Amino acid sequence: MNSSRGFSTTLESARKSGVSPLVSPPQPIISDEFYKIFFICILPCIQFFNVAGIITNIINIVVFVKLGRAESTNISFQALAICDLVLSVLSLWTFTSLSLRLYPVSLPFEPYTVTILTGSGLWNFVVRWGALLTAYISLERCLCILKPLEVKRILTPKVTTVAVMVMLVLTVGPAVYLYIKYKFVWEAVPPLNKTILVVIRIKTPEVLLLGAVVNAFAGLMQPIAAFVTVVVCTVYLGIYLGRASAWRRATTSAAAHTVNVPGKGTQDETSTSQKEQRVIRMVISIAVVFIVCVTPSTVHIFTMGIFPQFSFDSQYANIFNTMFILSCLGSSVNASVNIFIYHRMGSRYKTVFRQIFSIVDKDSTSK
C-alpha cells in the first residue's frame, strides 16, 4: 500500500488542535516504481486466494454447522472458518480499493486512507483472532494427550464457545482504537475541483498514549505469544505422533489386533487411538500451514513493535507496505487451503461435504 501521493491535498483545519492529515513520507528506501511493479505483479495472486478463501470458508462453515456442536473441536474449527472468511472479505476489499489508484478514475474517496478504517486496519486485528484460535486448537490437542480425561471434562463445547468469544473480544475489541486514532473528513481537492472523503490521524497525547498500550498488547504480545504457542505445540504433537506410529508398528508386528497387550490396549482402544492420531495429523497440518503463511506477518508485527518509526507514513513506507502485502498474501493462502486439509484428514467432514454436494463415495458403495 502506498500513501496518497496522487492527491496534492491539505486540510488547514486538521492541523489545529493536535490533528494532522496523513502526509506523504520522505524519500523512500524502496522506490515508488519498484513498489508499484511489485503491487501489480502480486495483486492477481492475492485476489485469487481471497476469492477462493471466501468460497471455501463458506463451505467450511456450512459443513461444521451440520456436524453440530457436540464436540469442542468442531466449534473451534467453525470459528476459525468464520475468521478466515472475514479476513478474505477484508483483504479482497482492501486490494480492490487500492487497485483503483492504478487507474485515472475519479473517486469520491481516497482509496488508501479510507481502507485503513474499512479494510486493512480491521484486517490487522482479525488476523490476530485467527492466530489465537490456531494456538487454542493446538494447545487443546496437546492437553488431550497429556491429560485426556481432565481436558474432556473441562473443555466442554460450552467452555470452548466462551473461550472463542473471549479471544474475539481480546483481539478484535482493540480495533475500536482505530476509530479514535483516525477519523473520516471531507477534504477539498483544488486540482480536481471536488471534495473527497479521506481519513486523518489524531495526534493528541492521550491518543498516542492509548496507541502505545494497544500496540504493546494487541500489536506485539498477542501475535508473538500465539505464534510461539503454535510452534511449540506443533513440535510436541509431531514428536508424539512419531512415537505413536513407532509403537503401532511394533505392536502390529508383535501380536494380532485382538490380543490385549498389557499397557497397550485392546483393538477398540487401538482404533480410538488411530482416530485420535488422525485428528492430531489434521491439527499439525493446519498448524504447519499457519506457521509458514503467518511468518511474514509475525516478522512485520515484531518489526513494528521494535521500531515505532516503521509505519506506512514514514521514510520506510514502501518497505512497510511491501511487508504488509506479503503478510496479506500469506494470510490469504492460509485462509483458503484449510478445506483441503479437512477433506483429506477428517472422515466426518468428508462425509458431510459429500452429502452436501451429492458426491457418491466409491469406497462406501463398493462395500
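The numbered points below go from the overall build to single residues.

1. Basis of the note. This is a predicted model, in which local features need pLDDT of at least 70 and side-chain atom pairs count only at pLDDT 80 or more, while totals for chains, interfaces and linings use all residues. Residues are numbered from 1 along each chain as its sequence is written, and side-chain values use heavy atoms, with hydrogens and water left out.

2. Overall build. The protein has 12 helices and 3 strands, taken as DSSP runs (helices H or I of at least four residues, strands E of at least two) and numbered from the N terminus. Of its 367 residues, 48% count as buried, where buried means under 20% relative accessible area, exposed over 50% and partly exposed in between, with a 1.4 Å probe and protein chains only. Among contacts (heavy atoms within 4.5 Å) with a separation of 6 or more, 79% are between residues 24 or more positions apart.

3. Annotated spans. An unreviewed UniProt entry places the feature "transmembrane region" at residues 37-65, 77-96, 116-139, 159-180, 216-239, 283-307 and 319-341; such annotations may be inferred rather than shown by experiment, feature names are shortened, and the positions are in the numbering used here. In the model, residues 37-65 are 100% helix, with end C-alpha atoms 42 Å apart, and residues 77-96 are likewise 100% helix, with their end C-alpha atoms 28 Å apart.

4. Nonpolar cores. A nonpolar core is a set of buried Ala, Val, Leu, Ile, Met, Phe, Trp, Tyr and Cys residues joined through side-chain atoms within 4.5 Å. The largest one has 63 residues, of which Phe77, Leu133, Met167, Ile325, Tyr342 and Tyr349 touch the most other members. Helices that each supply at least two residues of this core include α2 (72-99), α6 (157-172) and α10 (317-345), but the largest share, 13 residues, comes from α4. Leu133 is in contact with Ala79, Leu80, Cys83, Val164 and Met167, leaving aside neighbours within four places in sequence. A second, separate core of 12 residues includes Leu117, Ala175, Val214 and Ala218.

5. The salt bridge. The structure holds 1 salt bridge, defined as a side-chain nitrogen of Lys or Arg within 4 Å of a carboxyl oxygen of Asp or Glu. Arg348 and Glu71 form it, at 3.2 Å from N to O, and the pair links distant parts of the chain, with Arg348 in helix α11 and Glu71 in the loop between α1 and α2, 277 residues apart. Arg348 is partly exposed at 39% relative accessible area, and Glu71 is partly exposed at 33%.

6. Ile301. This residue lies in helix α9 and is buried, with a relative accessible area of 7%. Not counting residues up to four places away in sequence, Ile301 touches Arg128, Gly219, Leu220 and Pro223. The C-alpha atoms of Ile301 and Asn215 are separated by 9.5 Å, although the two are 86 residues apart along the chain.
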